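Subject: Structure handover

Hello,

Here is the structure I said I would pass on. My notes on it follow below.

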Amino acid sequence: MSSPRKLSAIAAALGLEVRGDGEDIDITGINTLDAAGPNELSFLANPKYMPKLASTKAGAVIVSAEHADQVKRALVSEMPYMDFGRALSLFAVKQGHFQGISEQAFIHPEAQLGANVTVYPGAYIGPGVIIGDGCTLFPGVYIGEYCSIGARSVLYPNAVLMAGTVVGEDCLIQPGAVLGADGFGFSRTPAGIQKIPQTGTVRLGSRVEIGANAAIDRAVLAQTSVGDGTKIDNLVQIGHNVTVGKNCFLVSQVGVAGSTSIGDGCTLAGQVGISGHLHIGNNVTLGPQSGVIKDIPDNTTMGGSPAVPQNIFMRTVALMPKFPELFKRLAALEKKIEQIARSASGNSPD
Amino acid sequence: MSSPRKLSAIAAALGLEVRGDGEDIDITGINTLDAAGPNELSFLANPKYMPKLASTKAGAVIVSAEHADQVKRALVSEMPYMDFGRALSLFAVKQGHFQGISEQAFIHPEAQLGANVTVYPGAYIGPGVIIGDGCTLFPGVYIGEYCSIGARSVLYPNAVLMAGTVVGEDCLIQPGAVLGADGFGFSRTPAGIQKIPQTGTVRLGSRVEIGANAAIDRAVLAQTSVGDGTKIDNLVQIGHNVTVGKNCFLVSQVGVAGSTSIGDGCTLAGQVGISGHLHIGNNVTLGPQSGVIKDIPDNTTMGGSPAVPQNIFMRTVALMPKFPELFKRLAALEKKIEQIARSASGNSPD
Amino acid sequence: MSSPRKLSAIAAALGLEVRGDGEDIDITGINTLDAAGPNELSFLANPKYMPKLASTKAGAVIVSAEHADQVKRALVSEMPYMDFGRALSLFAVKQGHFQGISEQAFIHPEAQLGANVTVYPGAYIGPGVIIGDGCTLFPGVYIGEYCSIGARSVLYPNAVLMAGTVVGEDCLIQPGAVLGADGFGFSRTPAGIQKIPQTGTVRLGSRVEIGANAAIDRAVLAQTSVGDGTKIDNLVQIGHNVTVGKNCFLVSQVGVAGSTSIGDGCTLAGQVGISGHLHIGNNVTLGPQSGVIKDIPDNTTMGGSPAVPQNIFMRTVALMPKFPELFKRLAALEKKIEQIARSASGNSPD
């Protein structure tokens with residue numbers, strides 16, 4: 001965290017109104033309601049934590065207007081979680097320290113580097129690569145031939161871009177992520193398994209984030225693509241020829257098989273799996289561990305494996321613990337009916 | 001893609017018959033039916049895309065004989081997908097540009113390198129290592145002591161082979177894959193958790209491919225092994241002492257726990273999990289996300305978690321959405337029988 | 001494996017009694033009951049393998065007292081698996097060969113290295129880093145600014161510690177593991193997705209092991225933490241702000257979402273997923289592929305997705321294959337009752 005600043009200065013920077021006792025305290029950092037001290041700023045975003053407003057020692061709290069009078073000093077926000085993020089940006093320290101272009105990096109003479117590019121020791125840049133202004137490449141980063149990286153993008157240690165990968169502006173590639181490895185394309189033949197050469201590339205839009213040790217495969221032909229603003233978490237797998245739209249969240253350990261397309265604004269929770277050659281619409285939400293084997297229309301929420309509409313999934317899982325009882329009840333009924341049938345035939349007038 | 005060539009030359013190279021208008025056009029590359037232009041070759045492998053034959057602008061199409069007269073020019077194939085792959089090989093450009101052995105690599109004096117080996121800057125080769133003819137090691141590759149790599153194998157950036165790993169001929173290790181990390185062997189004891197040293201190795205056969213950021217652990221004793229021709233996708237986990245047979249497909253994010261053996265010709269779909277100490281037969285197919293907790297005999301297709309035979313799994317999941325209704329029907333029956341029983345006893349003659 | 005030693009010397013080193021024919025043979029290594037030769041030591045830990053005692057050719061076997069007379073020579077143990085591990089330690093060869101501090105590593109002048117530290121070529125150590133006595137950093141390891149690593153910890157190739165990560169004593173970080181990548185924190189706003197800066201760190205206790213290509217994200221604020229003695233397997237994902245207690249096992253491909261806390265002594269089997277903001281008690285066991293969406297109290301075993309108590313899960317899955325039959329039985333009952341009802345009304349006296 002950097003040096004302290006006045007509460008009023010933070011409020012001004014965020015465009016938020018201050019309410020409370022009027023004292024313009026020093027703010028040294030940001031913390032949770034539980035942990036914040038009298039010179040720290042806190043926030044209330046999740047209503048679950050509302051009771052903590054009474055006991056917090058925070059010097060000031062980012063809250064919605066309705067809670068502003070429950071704390072000593074408030075920064076009044078319509079979107080407290082977003083403004084918490086903006087406040088954090090004021091204090092956040094940038095990852096990394098290195099400046100300039102290391103002589104211990106390998107930079108091919110036919111690579112083009114923009115202005116203010118940082119290349120750490122141990123990075124590798126192949127021929128024909130174009131790197132935009134203000135990019136940073138950490139140690140162990142590999143940029144294969146003819147890759148292109150937009151301005152201000154950052155590649156953390158050991159991230160790999162195989163040949164021809166295109167990364168947009170303001171992207172962040174977390175450590176160990178691999179873009180452009182070969183897609184899983186093979187043909188079983190009488191003479192054994194034959195590899196289908198993977199000749200396409202990977203293209204990321206702008207403001208895309210790729211998580212640690214995630215893998216996005218190059219296409220067989222053309223491109224595997226991820227749209228502007230989409231955020232992909234750690235250990236996610238994106239198969240060859242997949243298209244992911246804009247502003248999606250793909251949470252950790254999601255897997256998307258080859259040639260599937262995903263629309264804009266989707267949220268795929270952790271460990272979701274989607275089979276190949278499917279079309280997933282816009283604004284689709286998939287619950288954790290769900291498994292998709294059919295196309296999904298726009299604006300749909302699904303759960304389960306295989307995935308069904310979320311309300312059906314929730315009703316079904318609620319019934320699961322009752323199955324043993326269900327079988328007992330059924331057996332009891334069968335017995336009873338047998339008795340009734342027998343006694344009915346005994347009662348028969350003829 | 002490399003320079004263009006005549007359609008007749010491609011047909012000759014693939015051993016395929018040309019049909020159509022007889023014009024021997026230049027082919028500049030390969031593309032999908034949708035995207036191909038008049039100087040590109042396309043293919044029909046998946047019957048789903050058959051309607052596109054009528055509208056494609058492709059200069060020629062690799063198709064089976066029955067569809068040969070539906071396109072302007074056809075390369076007639078008995079296995080269009082395989083021949084598409086072979087055609088792609090004619091145009092595919094090799095990954096990487098570096099030649100020779102970099103002085104910025106670390107090569108232990110007691111390592112032995114074959115002829116025509118390429119070692120990029122930033123690769124590391126330990127003592128006692130043997131590397132076959134024509135191998136390529138990209139930047140960030142680590143080869144621990146006493147590893148051995150067969151001829152023509154390629155290790156992409158940041159692939160790791162811990163001590164003693166054996167890789168066969170013509171293998172391809174995608175970026176970030178780790179072979180020979182310690183197996184997960186521990187003993188809970190009254191004095192806390194004790195590590196069981198992992199002293200074995202990993203052995204890959206020939207023509208094996210290992211996906212990006214996959215992990216194959218070394219054995220406690222002896223070897224974790226993967227048979228000839230088997231293809232392992234990204235982010236797959238293979239535990240210690242596992243044996244995978246020949247010509248298997250392990251699709252992305254599969255996990256196989258320790259000491260399990262898998263036969264030849266198996267296909268494990270994405271995110272499958274297999275428990276430890278099991279025997280999976282030959283030609284076993286496991287559906288996506290299935291979870292295996294019992295041995296599986298040869299030639300079996302399974303699905304679900306825990307996995308059951310595929311037909312049972314499919315029937316069961318088809319019934320899932322009907323469960324809420326099932327409980328209602330059961331309750332209705334119970335009520336009805338109660339009424340019948342009561343009215344029957346009311347009707348009773350005695 | 002190192003040079004042979006006498007059986008009596010091994011027994012003395014382990015504090016175990018020798019029984020059998022009294023011959024003090026040379027032991028050259030350790031092997032399974034199946035594979036061990038007359039100069040190898042073996043063990044019986046899993047009762048499943050008991051029948052192999054009769055046929056093993058092992059020179060001696062680590063067994064419990066009750067089986068000591070079933071083998072030629074026994075080392076009598078109360079915990080054979082643990083003592084197998086201890087015996088293996090006598091023969092295990094250390095991973096890696098390099099000694100000292102390589103000039104091909106990057107070490108920032110403001111980093112502090114303890115005594116007997118090994119730094120391989122191609123490792124990177126940033127400013128303000130503190131590395132304890134006897135640590136080893138393999139090639140491609142990245143240690144960001146202000147990290148701290150306790151004595152005798154080992155980081156295998158391409159392991160990454162982003163800024164501020166704290167690692168305890170005697171830890172082992174397997175290849176490609178990433179500690180301290182940004183947590184997955186974003187806010188959907190009318191102006192698009194906004195990143196919440198991740199400003200916290202990761203803290204590992206002592207004797208922690210992190211698997212190959214695993215990812216443990218830094219906290220938004222404060223710390224993501226893993227307690228003493230906990231072992232985390234390959235490809236596991238730990239989200240931001242998560243707390244994992246002491247002496248836990250997190251098996252391969254487990255995913256734990258943000259802000260969840262896990263107690264001491266827990267075992268999470270392979271591919272388990274846990275949602276965010278949950279509290280998992282002490283000594284909790286989760287079956288493979290289970291999915292947790294609710295808090296779990298101490299000493300509980302759960303299975304399924306969503307997870308339910310293990311006994312309910314097992315009963316439910318046992319019923320699954322009977323569902324098609326269930327629907328048939330229900331339909332048969334409905335028909336029968338219809339008949340009874342109809343015939344009852346026909347029999348009605350009035």
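This is a predicted model: local features need pLDDT of at least 70, side-chain atom pairs count only at pLDDT 80 or more; totals for chains, interfaces and linings use all residues.

How the chains are related

Overall form of chain A

Chain A contains 39 strands and 4 helices. Its radius of gyration is 28 Å, whereas the globule rule gives 20 Å for 350 residues, so chain A is more spread out than a compact globule. Along the principal axes, its C-alpha atoms fill a box of roughly 105 × 75 × 30 Å. Of the 350 residues in chain A, 54% are buried. If you take the contacts in chain A between residues at least 6 apart in sequence, 21% of them join residues at least 24 apart.

Chain A is divided into two parts: domain 1 covers 5-91 and domain 2 covers 106-312. The centres of domain 1 and domain 2 of chain A, taken over C-alpha atoms, are separated by 37 Å.

Strands in chain A

S23(A) runs parallel to strand S26 (residues 223-226) of chain A, and 4 bridges join the two. In this pairing, Leu204(A) stands opposite Val226(A) in S26(A).

The sheet in chain B

Chain B has an open sheet of 10 strands with parallel pairing, in the order S8-S11-S14-S17-S20-S25-S28-S31-S34-S37. Its edge strands are S8(B) (106-107) and S37(B) (291-292), each of which pairs on one side only. Within the sheet, strand S17 of chain B (residues 160-161) is joined to S20(B) by 2 bridges, and the two run parallel. Leu161(B) stands opposite Leu179(B), which lies in S20(B).

Where chain B meets chain C

Contacts between these two chains involve 59 residues of chain B and 57 residues of chain C. On the chain B side, two or more residues come from each of strands S20 (178-181), S21 (186-189), S22 (192-195) and S25 (215-217), and from helices H3 (310-319) and H4 (323-347). H4(B) gives the largest share, 10 residues. By type, this side of chain B divides into 29 nonpolar, 23 polar and 7 charged residues.

Where chain C meets chain A

Here 57 residues of chain C are in contact with 56 residues of chain A. On the chain C side, at least two residues each are supplied by strands S20 (178-181), S21 (186-189) and S22 (192-195), along with helices H3 (310-319) and H4 (323-347). The largest share is that of H4(C), with 9 residues. The residues on this side of chain C are 29 nonpolar, 22 polar and 6 charged.

Regards

Technical notes. Residues are numbered from 1 along each chain as its sequence is written. Chains are lettered from A and ligands numbered from 1 in the order in which they are written. Two residues are in contact if their C-beta atoms, placed from the backbone, lie within 7 Å. Ala, Val, Leu, Ile, Met, Phe, Trp, Tyr, Cys and Pro count as nonpolar, Asp, Glu, Lys and Arg as charged, and the others, Gly among them, as polar. Two strands pair if DSSP finds at least two bridges between them. Domain bounds come from an automatic or database domain assignment. The radius of gyration is taken over C-alpha atoms; the globule rule is 2.2 Å times the number of residues to the power 0.38. A residue is buried if 20 or more other C-beta atoms lie within 10 Å of its own, exposed if 12 or fewer, and partly exposed in between; C-beta atoms are placed from the backbone.
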